[in-house]
Amino acid sequence: MASSSHDVYSSRKFHELFFAGAYSIPMFVLTTEFSGVRHRGIAGSVVWLGYDVAVMILAAVAYFIRDWRQLTLVTGAPGMVYVAG
């Protein structure tokens, strides 16, 4: 039985987000441990700032690009340029 492209996309996105904890949680812990007690709250908040901004940008882009295939190509293109360069 051949799987649809949406099934493959969903499976890859699930694995990508499942394994995101492998780098996001240690990054948060190390940032808060190396900052002083006085600045620990700010440092812990700044760690997630890039992710939050990226989610907002993705929502804005997805508002204009409704097809998930085109959205994947548009949002994945900068990463491909980075990897190829």
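How many helices and strands does the secondary structure of the protein chain come to? In this predicted model, where local features need pLDDT of at least 70, side-chain atom pairs count only at pLDDT 80 or more, and totals for chains, interfaces and linings use all residues, the answer is 5 helices and 0 strands. Residues are numbered from 1 along each chain as its sequence is written, and side-chain values use heavy atoms, with hydrogens and water left out.

Helices (H or I, at least four residues) and strands (E, at least two) are DSSP runs, numbered from the N terminus. Along the sequence the pattern of the protein chain is α-α-α-α-α. The protein chain is more spread out than a compact globule, because its radius of gyration is 17 Å, well over the 12 Å that the globule rule gives for 85 residues. This radius is taken over C-alpha atoms, and the rule is 2.2 Å times the number of residues to the power 0.38. The C-alpha trace spans about 55 × 30 × 25 Å along its principal axes.

Of the 85 residues, 11% count as buried (under 20% relative accessible area, with exposed over 50% and partly exposed in between; 1.4 Å probe, protein chains only). The accessible surface of the protein chain is about 7200 Å², and carbon and sulfur atoms account for 71% of this surface. Areas were computed by the Shrake-Rupley method with a 1.4 Å probe.

Two residues illustrate these classes. Thr32, placed in helix H2, is buried, with a relative accessible area of 12%. Thr32 is 10 residues from Ile42 in sequence, and the two C-alpha atoms are 8.8 Å apart in space. Ser10 belongs to helix H1 and counts as partly exposed at 32% relative accessibility. Between Ser10 and Met80 there are 70 residues of sequence separation and a C-alpha to C-alpha distance of 20 Å.

The largest pocket holds about 900 Å³ of space. A pocket is an open set of points on a 1 Å grid over the protein atoms alone, where a 1.4 Å probe fits, with protein on both sides within 12 Å along at least five of seven lines; lining residues have an atom within 4 Å of a point. The lining comprises 21 residues, and Lys13, Glu16, Leu17, Tyr51 and Leu58 lie nearest the pocket centre. At least two lining residues come from each of helix H1 (5–18), helix H2 (21–34), helix H4 (49–64) and helix H5 (68–84).

Conventions:
Points joined across faces, edges and corners; volume = space filled by probe spheres on them.
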